[in-house]
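Biologist: I am new to this model. Please show it to me, and then take me through how its features are read.

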Amino acid sequence: MVNQRLTVAVSGIRQLTPRICEYMLTSLDGAKLPEHEAGAHIELYLRPEPGGQIVRHYSLIGGTGRGDDAPNTYRIAVQRERGRGSNFIHDHLDVGSRLAISPPRQAFALDRTDPHSLLIAGGIGITPIYAMLRSLARRKRSFSFFYSGRAAEELAYRDEVLSLAGERGQVHVSGIVEPRHPDLRALLAAQPEGTRAYVCGPRPMVEATRAAAAALGWAPGRVRSELFGAGSNVPARDFTVELRRSGREVKVGADCTILEALDEAGIPTLSDCRRGECGLCPLPVLGHDGALDHRDRYLSPASREAGKALCICVSRLNGARLVLDA
């Protein structure tokens with residue numbers, strides 16, 4: 001799928017925590033950028049050398065406090081991780097750097113008609129939650145806010161969001177050596193009837209929130225979630241993809257997705273979200289010499305167990321060779 005692209009320049013950089021930097025992205029001619037609502041994200045198209053293009057997604061924060069950013073500017077925050085995407089941003093983007101981005105995309109929409117909203121952020125998952133918090137606070141809607149992280153110094157925007165949330169905000173610091181995980185079931189149980197929860201953070205936190213809601217009898221639609229990364233406990237490794245019908249082989253690096261490798265090789269693919277959610281990119285699996293590492297949120301547990309399809313935008317192989325019907 002061909003995506004529309006916008007060119008912007010980095011107009012400001014702010015160090016938020018030892019691992020997180022905020023980047024202001026501004027249109028080159030000062031023209032207004034496409035509008036967006038809380039929960040939206042953009043894609044950044046990066047070209048580190050060697051290795052070709054990689055695509056990464058970052059939530060749009062929209063401003064600070066109750067104020068919006070200028071119409072020609074987007075605000076994102078990037079946490080340095082093991083992968084080359086965030087490292088390239090931290091190491092190579094300076095004020096004045098130009099890069100291509102997508103228009104805003106919405107996969108984590110806030111319903112401002114909810115009688116009460118519970119906002120839950122884990123770590124860098126604060127970025128879309130901050131935008132939602134700003135929206136609810138400005139409109140004087142009913143909400144509660146919960147922010148969790150391993151250490152206080154790792155909580156980006158901590159003072160700003162607590163000032164905005166006031167008495168309705170809580171922070172939980174779990175600790176690093178012997179972490180104390182938050183009691184999410186108690187948090188959900190304390191909310192008013194009809195509350196909808198919005199949670200963004202690492203996969204275990206999102207899954208724990210959904211499990212707690214199910215245990216309390218909440219309907220699935222009362223929890224909306226977004227992962228800030230399609231993570232896995234298994235370290236990524238290089239492997240080779242054989243495309244049986246095309247008769248081609250493509251190397252996939254440890255810090256590159258299958259979709260990115262195929263794009264770079266000029267092989268047509270279908271994709272949209274690049275986050276394992278939309279269902280456009282799965283390809284039939286014909287063979288593999290290691291375990292399939294499913295990192296998507298589209299395939300059912302039964303489909304994953306069968307091992308007949310793989311979402312190539314996020315999922316991988318823990319082996320050396322993967323054969324796809326493409």
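Predicted model: local features only at pLDDT ≥ 70, side-chain atom pairs only at ≥ 80, totals over all residues.

Biologist: How many bridges join β11 to β12, and in which direction do the two run?

Modeller: First the terms: helices (H or I, at least four residues) and strands (E, at least two) are DSSP runs, numbered from the N terminus. Two strands pair if DSSP finds at least two bridges between them. Here, strand β11, residues 143–149, is joined to β12 by five bridges, and the two run parallel.

Biologist: What is the order of the strands in the open sheet?

Modeller: The sheet has five strands in the order β12-β11-β10-β13-β14, with parallel pairing. At its edges are β12 (169–173) and β14 (223–227), each of which pairs on one side only. On average, neighbouring strands are turned by 10° against each other, direction ignored.

Biologist: Which strands does helix α2 touch?

Modeller: Contact means heavy atoms within 4.5 Å. Angles are taken between N-to-C directions, from 0 to 180 degrees, with axes as lines fitted to C-alpha atoms, for helices over the stretch in contact. Helix α2 (residues 126–138) packs on the sheet, where it touches β10 (117–122), β11, β13 (196–201) and β14, and its direction makes about 150° with that of β10. Helix α5 (residues 203–215) lies across β10, β11, β13 and β14, and runs at about 170° to β14.

Biologist: Is Ser135 buried or exposed?

Modeller: Buried means under 20% relative accessible area, exposed means over 50%, and partly exposed is in between, with a 1.4 Å probe and protein chains only. Ser135 lies in helix α2 and is buried, at a relative accessible area of 4%. Leaving aside residues up to four places away in sequence, Ser135 touches Ala38, Leu110 and Arg112.

Biologist: What about a whole helix: how many residues of α1 are buried?

Modeller: Helix α1 (residues 84–92) has seven of its nine residues buried, so it is largely enclosed by the rest of the structure. Among the buried residues of α1 are Arg84, Phe88 and His90. The buried residues of α1 pack against β2, β3 (40–46), β4 (54–59) and β7.

Biologist: How many salt bridges are there?

Modeller: Side chains of opposite charge can pair when their charged atoms come close. The rule asks for a side-chain nitrogen of Lys or Arg within 4 Å of a carboxyl oxygen of Asp or Glu. The count comes to 25 salt bridges.

Biologist: Which residues are linked with Arg14 in a network of salt bridges?

Modeller: The network links Arg14, Glu22, Asp69, Arg75 and Glu160. Arg14 meets Glu22 at 3.0 Å, N to O, and Glu160 at 3.4 Å, N to O. Arg14 lies in strand β1 (residues 6–15) and Glu160 in helix α3 (residues 158–165), so this pair ties together parts that are 146 residues apart in sequence. Glu22 is buried at 3% relative accessibility, whereas Arg14, at 33%, is partly exposed. Glu160 is partly exposed too, at 26%. Asp69 and Arg75 form a salt bridge with their closest N and O atoms 2.5 Å apart, and both residues are buried.

Biologist: Where does Glu22 stand in relation to Arg14 on the strands?

Modeller: Glu22, in β2, stands opposite Arg14. Seven bridges join β1 to strand β2 (residues 20–27), and the two run antiparallel. A hairpin connects β1 to β2 through four residues. Strand β1 is also joined to β8 (residues 98–101), by four bridges and antiparallel; Thr7 has Ala100 of β8 as its bridge partner.

Biologist: Which residues lie nearest the centre of the second largest pocket?

Modeller: On a 1 Å grid over the protein atoms alone, a pocket is an open set of points with protein on both sides within 12 Å along at least five of seven lines, and lining residues have an atom within 4 Å of a point. The second largest pocket is lined by 23 residues, with His36, Glu37, Gly62, Asp68 and Arg138 nearest its centre. Helix α2 gives the most to this lining, with four residues.

Methods
Residues numbered from 1 in each chain as written. Heavy atoms only, no water. 1 Å grid on protein atoms, 1.4 Å probe; cavity = no way out; pocket = protein on both sides within 12 Å on 5 of 7 lines; lining within 4 Å.
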